[in-house]
Amino acid sequence: MSGHIVLAPDKFKGSLTAQQAARAMAHGVWRADPRVTTVACPVADGGEGTLDAVLAAGFERIPAYVKGPTGTAVQTAYARMGRRAVIEMADACGLQRLPTATPAPMTATSYGLGSVVAQALDDGCRDIVITIGGSASTDGGAGMLMALGAAVLDRRGKPIGPGGRGLADAVHLNLSELHPAIAGSAFTLAADVDSPLCGPHGAAAVYAPQKGADAQQVAALERGLHRWANLVDRVTHTDCRDAPGAGAAGGVGFAALAVLGARMRPGIELILELIELDRNLMGAKLVLTGEGSLDAQSLRGKAPTGVSRRAHKHGVPTLAIAGVSTLTGTQARAAGFTAVRTLGELEPDPRRCIQHAEELLTRVTDQLIRECGAHRDDFRDRREGASHE
């Protein structure tokens, strides 16, 4: 497969999935040069779209029916290969599952995530990978643990209510009925958040406002998380509240670390391993990546930057295509991109750009590949130079 082009885009949010983006890119390459072989390798960073990216890499889709973030039943799935399961929290009970997209900062729960984990364990999976971007809840992972058999009770011995609001009533925690397969399983959390559970950089203060919480609700959630952390510490004798990543997904990171014995991995790093990007990069002459928007945040572990860094190790130049980009030339080079193009260069109207994203992406890819052909020696030099750095 020597000399092929790897197509490794993330989703173009609001217009194209990562798979659709890869297909549009493939069409653009074919238009420019039908002789060129392409390898589609859609990517994700641990949030929405991760499940699809892993399924595209050859995992089997296992359907699951669980409670969404507000208790409404949703149809989701997990990806399975052998005894490994990959579970996307966003698809089970994340922001995208909020009915009518209405935030529920105090009552959204991680229960649905725990239900999918329980099903994977029932199905015999023992290597459980959980991607936790795009969460809707700030319940400290209590909902997830309850779905796995934990009893979180109030003073009357009744289960607490859902979401962060329920944490204010948590008095008793009984882990004796946890799913029996947990003890013999390995749990890995894919997250790009290294914040602690509580405090000014924690789950409530930083992320709850993004889930619709006002100042009073943030304060109430913070109190609930403190109470929850004390309760978990008393039962498990492992104070994980300040561990990096404990604040991820509204505290799911904390519960997974303290009770499931999980380890944290950077989201994009883990996803690229699961989809075997390194294998597809061997012998490649070029990588095309991209997403809906490239900006300064893209430099901090987002999918296209992760792709370019991995490609750099193989000495393969990376071109990026985005809907819009605010990256300066210096920032683009720092991210490892040989060139950056946008759909907005062809269609400046944002609404039309979203509506016609597929055709625009095909056209921009076509133009880029033709440019590469016109400057083939330049690109080869850059690849060879990168491989010796």
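I take two strands as paired if DSSP finds at least two bridges between them. Helices (H or I, at least four residues) and strands (E, at least two) are DSSP runs, numbered from the N terminus.

The model is predicted: local features need pLDDT of at least 70, side-chain atom pairs count only at pLDDT 80 or more, and totals for chains, interfaces and linings use all residues. Residues are numbered from 1 along each chain as its sequence is written, and side-chain values use heavy atoms, with hydrogens and water left out.

**Entry: strand β5**

On the parallel side, β5 pairs with β6 (residues 127-131) over 5 bridges, and Glu 88 stands opposite Thr 131 of β6. With β4 (residues 73-81) the sense is antiparallel, over 3 bridges; there Arg 84 is the bridge partner of Met 81. The β4-β5 hairpin has 2 residues between the strands, and its Gly 82 has a positive phi near 65°. I then checked burial (buried: under 20% relative accessible area; exposed: over 50%; partly exposed in between; 1.4 Å probe, protein chains only).

**Entry: nonpolar cores**

I used sets of buried Ala, Val, Leu, Ile, Met, Phe, Trp, Tyr and Cys residues joined through side-chain atoms within 4.5 Å. The largest core has 63 residues, and Ile 128 and Trp 228 touch the most other members. For contacts I counted heavy atoms within 4.5 Å. Leaving out residues up to four places away in sequence, Ile 128 touches, among others, Ala 85, Ile 87, Val 117 and Phe 187. A second, separate core has 27 residues, including Leu 51 and Leu 281.

**Entry: helix α9**

Is α9 (residues 252-259) enclosed or open? Because 8 of its 8 residues are buried, α9 is largely enclosed by the rest of the structure. Its cover includes α4 (111-122), α8 (215-236) and β9 (186-190). Gly 261, which follows α9, has a positive phi near 65°.

**Entry: domains**

Domain bounds come from an automatic or database domain assignment. I have domain 1 as 4-42 + 283-385 and domain 2 as 50-268. Their C-alpha centres lie 34 Å apart. The contact takes 6 residues from domain 1 and 5 residues from domain 2. Buried area is the accessible area (1.4 Å probe) that two parts lose on being put together, summed over both. Here it is about 420 Å², with 62% given by carbon and sulfur atoms. On the domain 1 side, Gln 19, Pro 42 and Gly 301 lose the most area, together 68% of what that side buries.
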